[in-house]
Amino acid sequence: MSKLEQVNEAISTATANQFVTFTLGDEEYGIAILKVQEIIGYPGFTKIPNMPSFVKGVINLRGSVVPVIDLRLKFAMQEREYDTYTVIAILEVKEKVIGVIVDAVSDVITLKEDEMQPTPDFSSGVKVEFISGMGRKGDTLIILLDIDRVLSEGEIGMLSAA
Amino acid sequence: MDQSSLMETFITEATELLQDLEIDLVSLEDSGEDDELINRIFRAAHTIKGSAGVVGLTALSDFTHSMESVLDLVRDHKLVVTNDLVSVLLRAVDLLKEMIRVASEGGGDIDEREMQFVLTMLRRFLPAASVQESITEKEVPENREESKYAYFEIELALPETILETGTDPLMLLRELQDMGEIVELEVTTQDTPDFHSLDIYKLYLRWHLVIRTRELQSKVENVFVFVQDSSQIAIEDVTRFFKDGVDLRVADMKLGEILTDKGLVSKKDIEEVLSSQQKIGELLVQRGKVSEHDVRSALEKQLKSREIKKASTIRVDTDKLDKLVNLVGEMVIAVARVNQQQCSMLPGNKRSAQGAIESLERISRDLQEQVMRVRMVPVEGLFSRFHRVIRDLANDQHKLIRLELSGTETELDKNVVEQLSDPLKHLIRNAIDHGVELPEERVNAGKAEEATVKLCAYQQEGEIIIEIADDGQGIDHKSVLKKAIEKGFIRNDDTPNEKALYQFLFMPGFSTAKQVTEVSGRGVGLDVVKQNIDELRGTIEVISEVGKGTTFKIRLPLTLAIIDGMNVKVGEEIITIPLLSIVESIRPTKEAVKTVQGEGEVIDARGEYLPLVRLHSVFGIETDKTDPSEALVVIVESGQRRFGVLVDDMLGQQQAVIKSLEKNFHQVDGASGATILGDGTVSLILDIHGLEKMAFSSSQLDFGHRGSEAA
């Protein structure tokens with residue numbers, strides 16, 4: 001194994017269980033850190049005609065046109081006014097860059113193996129297939145999202161459509 | 001350079017060579033025995049053969065060899081250029097292209113039967129004897145045998161006294177002759193004294209010779225074993241410089257060098273002669289043919305052109321270029337943003353800042369233009385390909401057609417050129433198939449027997465225009481109308497104008513051809529052409545006169561990456577409309593807007609009733625300006641028809657760098673892309689065709705006709 005491969009391996013083990021956590025309503029969610037490119041403030045959108053309500057529009061991210069979806073609306077939660085805490089997590093999913101609006105970003109956490117559990121059978125408004133597992137850090141329960149699924153799902157077709 | 005990049009280079013070069021070869025072959029047919037042309041063709045084939053061998057494509061190399069043998073006969077005027085010959089050669093070119101395509105895809109099958117067939121056809125042109133020769137002697141053995149031979153260069157300076165020892169130099173030479181073939185032999189007689197001081201027992205001669213032999217160097221050296229101590233004998237293996245007994249080194253040598261090398265003259269002699277020799281320019285001046293000034297300027301010109309030729313070209317990956325174009329576009333926008341925001345800058349420095357920003361803006365625009373120009377290529381390459389198409393089709397259909405090209409130096413974006421190839425080919429086929437009549441029909445109609453298809457390109461107001469014109473029978477206006485009614489595109493009593501009527505030709509499944517041929521007439525084609533042109537954001541129209549001919553006129557934007565846009569406001573949103581599709585903008589009076597039952601709203605634009613599209617309702621944007629008489633109607637043209645687009649207001653014109661929505665998202669109905677405005681926000685670029693589809697998908701019936709019933 002070359003040096004470079006060793007380093008890469010070390011990085012991926014170190015980051016495999018790292019999650020960016022954020023809040024949506026009362027709940028805490030986590031997305032694998034490698035999916036998150038950056039987090040930006042709410043810049044205002046340009047609307048795109050005839051889109052489902054959770055597709056808020058597009059933004060200019062350093063010259064690239066990036067679509068933005070509101071996770072609250074996607075998960076059928078109550079819509080909320082955007083304020084100074086509202087942030088957009090810029091995610092890279094299947095070579096596409098997509099912005100996701102969340103209430104606020106909380107932390108970057110590392111979960112040990114025993115702090116993670118497979119998907120339970122309950123529903124929290126979020127469809128079970130969007131959840132890759134549950135994490136526990138102290139008293140907080142974190143819903144780990146399978147963001148690829150969330151964004152590829154048929155009705156959005158964000159990633160599948162040509 | 002590793003093998004794969006060698007292969008890549010070969011593929012690009014061979015593809016280019018084949019393209020030239022094809023064009024040259026077609027013009028060879030017209031011009032007949034043009035030595036320059038034949039040589040060029042021969043060289044191209046030869047280069048392909050050679051490089052194919054280098055990259056290990058032996059099948060390709062062998063095949064080209066057969067082609068080369070035929071071309072060789074043509075070059076030696078042993079074979080007359082005929083239509084038949086050119087056809088076979090073109091077929092061989094097609095096969096080579098296919099072989100290269102297969103090679104570029106890393107392997108695959110080529111049509112073995114076609115190859116055998118073409119090979120047989122090619123051999124037919126070779127005289128029986130030479131076929132035999134080229135197969136049995138020339139092709140196989142000679143190449144192999146040649147490698148068995150060695151060439152030795154021998155400098156032979158025997159001692160003056162050699163004759164006294166009883167050794168005859170001639171014996172030595174004869175011995176050499178027995179070992180092989182002496183391909184070069186020179187005797188230096190410079191040392192021979194005047195006759196009266198000549199000593200007949202002395203040897204004054206020196207020899208320089210080259211021998212082609214199968215023997216080893218030691219064997220050759222053995223010949224001189226008895227004299228080598230007392231003589232100056234140099235034997236050198238020069239095999240690498242020789243081929244078929246010819247010294248290849250001589251090719252790049254000057255006459256003087258060759259002569260001195262052979263010891264025929266001394267260096268000093270040459271220099272003496274050279275210094276006494278006058279340059280051509282001086283001679284001409286002396287004889288009063290030209291002035292000294294003219295000679296000097298001609299020399300300067302020569303020098304300059306040689307320098308430029310040396311600078312030549314480099315190949316650059318188009319990806320790199322695209323990135324550069326994007327970045328520069330980005331910069332132009334950024335500068336525009338700075339310019340827009342300078343009002344809010346420090347008031348005291350505003351003036352000097354403004355000057356600086358203005359010059360920055362100018363420079364960045366210049367830079368943009370230059371970078372764009374890098375991507376531009378002349379249409380010549382594209383146009384000349386059609387000589388072949390025309391030739392083949394004319395032959396097949398027994399028509400006489402001449403292709404006339406003009407404006408071939410007009411430059412277009414490389415991507416556009418590539419994407420134009422198919423639609424143009426189609427239009428040309430169309431012109432030949434439907435437009436051009438048979439020679440006898442043309443004569444009967446009082447036209448020249450030979451038809452002309454003109455392909456011309458020119459630039460006009462930020463657009464490139466390409467015209468494909470034939471002087472054939474033209475389009476029958478009535479049968480198009482009949483067909484349009486038959487297909488239900490228009491009603492019986494409609495009288496669309498000619499321009500609108502001909503647009504039906506671009507509808508899928510619309511063909512007025514009486515007979516369906518292999519080439520065209522199935523009604524697929526023109527719609528695809530239209531689609532291709534749409535994709536390039538161009539438009540196409542038809543001008544035709546019965547009996548005189550048909551012209552297809554394609555308008556294309558100069559570049560794909562940037563458009564001139566008009567920013568319009570709808571509610572909170574700013575939308576960019578491509579300036580090219582805007583005809584005018586009006587604020588209608590209340591009376592000018594009418595509702596037609598079942599067809600929506602129309603507006604009266606100077607007597608012409610145009611359908612009105614409310615952008616806010618099609619795009620679902622909230623706005624309080626819903627009354628056309630308080631808002632603005634932008635009249636746009638989509639190629640098929642005109643219609644009015646209702647917007648709140650017009651904000652101004654801006655160059656827009658087109659950003660893809662598909663890159664991170666997917667296609668959006670009604671938007672052809674997006675662009676970034678001066679303040680950094682995103683603006684959608686309106687897709688007029690898309691909007692038309694969205695707005696009129698329910699009613700197909702109001703194509704371009706004047707809505708008399710609306711009034």
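Guide: A helix here is a DSSP run of H or I with at least four residues, numbered from the N terminus. Keep in mind that this is a predicted model. With that said, B:Lys478 sits in helix α19 of chain B, residues 477–486.

Visitor: Why does B:Lys478 count as exposed?

Guide: Count the neighbours: B:Lys478 has 10 C-beta neighbours inside 10 Å. A residue is exposed if that number is 12 or fewer, so with 10 B:Lys478 falls on the exposed side. Something else about B:Lys478: its C-alpha is 9.9 Å from that of B:Leu501, and the two residues are 23 apart in sequence.

Visitor: How many helices and strands are in chain B?

Guide: Chain B has 23 helices and 24 strands. Of its 711 residues, 29% count as buried. Take the contacts in chain B between residues at least 6 apart in sequence: 67% of them join residues at least 24 apart.

Visitor: And what makes α2(B) roughly antiparallel to α3(B)?

Guide: The angle does. Helix α2 of chain B (residues 35–54) and helix α3 of chain B (residues 58–75) have axes that cross at roughly 160° and come within 8 Å. Angles over 145 degrees count as roughly antiparallel, and therefore α2(B) and α3(B) get that label. Their crossing is left-handed.

Visitor: Which residues of α2(B) and α3(B) meet?

Guide: From α2(B) they include B:Ile38, B:Phe42, B:Ala45 and B:Lys49, and from α3(B) they include B:Leu60, B:Met67, B:Leu71 and B:Val74. By class, the residues of this contact divide into 10 nonpolar, 7 polar and 3 charged.

Visitor: What makes α16(B) roughly parallel to α17(B)?

Guide: Do the check again with another angle. Helix α16 of chain B (residues 386–397) and α17(B) have axes that come within 10 Å and cross at roughly 30°. Under 35 degrees counts as roughly parallel, so this pair qualifies. α16(B) passes α17(B) in a right-handed crossing. On the α16(B) side the contact is made by B:Phe386, B:Val389, B:Ile390, B:Leu393, B:Ala394 and B:Gln397, and on the α17(B) side by B:Lys425, B:Ile428, B:Arg429 and B:Ile432. Sorted by class, that contact has 7 nonpolar, 1 polar and 2 charged residues.

Visitor: Which residues of helix α21 of chain B are buried?

Guide: In α21(B), residues 526–535, B:Leu526, B:Val529, B:Lys530 and B:Ile533 are buried.

Visitor: Why does B:Arg606 count as exposed?

Guide: B:Arg606 has 9 C-beta neighbours inside 10 Å. The limit for exposed is 12 or fewer, so B:Arg606 meets it.

Visitor: Over to chain A: is A:Asn50 buried or exposed, and how do you know?

Guide: A:Asn50 has 12 other C-beta atoms within 10 Å. You can find A:Asn50 in the loop between β3 (36–41) and β4 of chain A.

Visitor: How many helices and strands does chain A have?

Guide: Chain A has 3 helices and 11 strands. Read along the sequence, the pattern of chain A starts with α and ends with α. Of the 162 residues in chain A, 29% are buried. Among contacts in chain A between residues at least 6 apart in sequence, 51% join residues at least 24 apart.

Visitor: How many residues of chain A are in contact with chain B?

Guide: 21 residues of chain A are in contact with 21 residues of chain B. On the chain A side, the elements giving two or more residues are β4 (55–61), β5 (64–70) and β7 (96–102). The largest share, 4 residues, comes from β5(A). That side of chain A divides into 12 nonpolar, 7 polar and 2 charged residues.

Methods:
Residues numbered from 1 in each chain as written. Chains lettered and ligands numbered in written order. Predicted model: local features only at pLDDT ≥ 70, side-chain atom pairs only at ≥ 80, totals over all residues. Buried ≥ 20, exposed ≤ 12 C-beta atoms within 10 Å, placed from the backbone. Contact = placed C-beta atoms within 7 Å. Nonpolar A, V, L, I, M, F, W, Y, C, P; charged D, E, K, R; others polar. Axes fitted to C-alpha atoms, helices over the stretch in contact; angles between N-to-C directions. Parallel < 35°, antiparallel > 145°, perpendicular 65-115°, else oblique. Left-handed = near helix turned anticlockwise from the far one by under 90°.
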